[in-house]
Amino acid sequence: MNSPYIGKLASSSVIKRYLNNPILDASRVPYPTALVFNAGVTKFNGKYVMVFRNDYGSLEQQTIEAHHTTDLGVAFSDDGIHWEVQPKPCFKLHDQEIIRAYDPRLTVIDGRCYMCFAVDTQHGIRGGVAVTDDFEEFKILSLSTPDLRNMVLFPEKIGGKFMRLERPFTVYSRGGVDRFDMWISESPDLRYWGNSDLLLAVEDVPFANDKIGPAAPPIKTEQGWLTTFHAVDIDPTRGKNGWETSWQKRYTAGLMLLDLENPKKIIGMYQNPLLAPEASYEIEGGFRNNVIFPGGMVLEDDGEVKIYYGAADTIECLATAHIDDLIQLCLKG
């Protein structure tokens with residue numbers, strides 16, 4: 001009988017990891033933090049900007065503080081590789097109801113920078129959308145009902161509507177098993193969201209058996225909207241794979257192409273991972289090993305695509321590929 005679990009996975013040959021990864025870790029942040037990862041990255045007003053997640057604690061003792069200490073930091077760069085972290089965090093939510101905000105995703109629309117983020121509350125996980133012009137003040141435009149997370153915005157209106165990818169995180173899942181899928185919704189104003197449809201299901205992804213969802217926000221190409229997604233497979237034989245007693249999951253990055261005029265239509269999807277955990281900093285020594293989670297994708301004028309990703313829930317890394325190669329992966333399957 002075939003095993004229900006997924007075996008060894010490898011990254012696509014078209015993608016190259018930056019040789020000096022990580023591009024950001026806790027040692028380069030000018031205030032105490034233990035984990036720096038799952039950043040949103042974009043180009044804004046002539047600079048690269050990164051908003052990253054801070055989890056506080058001790059790397060040496062492999063401990064993290066209570067969830068309510070989590071906040072978001074910000075860094076700027078002229079080349080997308082070398083980063084200047086600002087002297088203090090830029091965003092934090094915490095009160096009697098809200099525990100924390102985390103996992104930012106950045107999208108520039110009509111000259112303003114919008115940030116999607118996840119919010120842990122006493123009554124479930126919510127997804128938020130905020131806007132900023134300076135990364136010092138953020139105006140929250142909307143907070144979803146529970147349970148929703150991993151939201152990312154398209155960089156322009158499509159058919160007169162704002163669009164976003166999202167992953168509902170329902171407590172009952174599907175039939176009592178751990179199955180979470182990717183959905184797509186639209187809005188007239190970035191505040192009220194609806195007309196939601198299933199875009200991609202776990203069973204449609206050969207390298208997932210647990211959950212999938214959005215990763216970096218889509219980028220526009222002549223052939224369609226190119227977007228990454230996260231794919232998770234679980235195997236109970238993995239045992240201890242990080243600081244926790246047992247970490248049985250593996251996160252990989254997938255790639256697909258959506259129709260320009262109707263992004264609810266998938267034109268093509270690469271049938272293997274674009275990025276799978278392989279490098280030493282992805283598979284060992286981290287808070288949760290075997291984790292790759294893209295949060296930003298920047299298309300350069302020469303066709304290079306910079307893909308920013310969190311590794312092992314501990315550091316922020318960079319990989320690159322050419323836009324034509326990525327599109328061909330999707331179209332050829």
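The questions and answers below concern strand pairing and nonpolar cores in this predicted model.

Q: Why are β12 and β15 called edge strands?
A: The open sheet has four strands in the order β12-β13-β14-β15, with antiparallel pairing, and β12 (148–153) and β15 (194–200) each pair on one side only. Neighbouring strands of this sheet are turned by 30° against each other on average, with direction ignored.

Q: What makes the 25 residues of the largest nonpolar core a core?
A: A nonpolar core is a set of buried residues of nonpolar kinds such as Leu, joined through side-chain atoms within 4.5 Å, and 25 residues form the largest such set, with Leu226, Leu255 and Leu326 having the most contacts inside it. At least two residues each come from β19 (249–258), β21 (292–299), β22 (304–311), β23 (315–322) and α2 (323–332), and α2 provides the largest share, five residues.

Q: Which residues is leucine 326 in contact with, leaving aside its neighbours within four places in sequence?
A: With those neighbours left aside, Leu326 is in contact with Val14, Leu226, Leu255, Leu274, Val305 and Ala321, where contact means heavy atoms within 4.5 Å. A second, separate core has 23 residues, among them Ile6, Ile184, Ile212 and Ala231.

Methods:
Residues numbered from 1 in each chain as written. Predicted model: local features only at pLDDT ≥ 70, side-chain atom pairs only at ≥ 80, totals over all residues. Heavy atoms only, no water. Pairing = 2+ DSSP bridges. Axes fitted to C-alpha atoms, helices over the stretch in contact; angles between N-to-C directions. Buried < 20%, exposed > 50% of the residue type's maximum accessible area, 1.4 Å probe, protein only.
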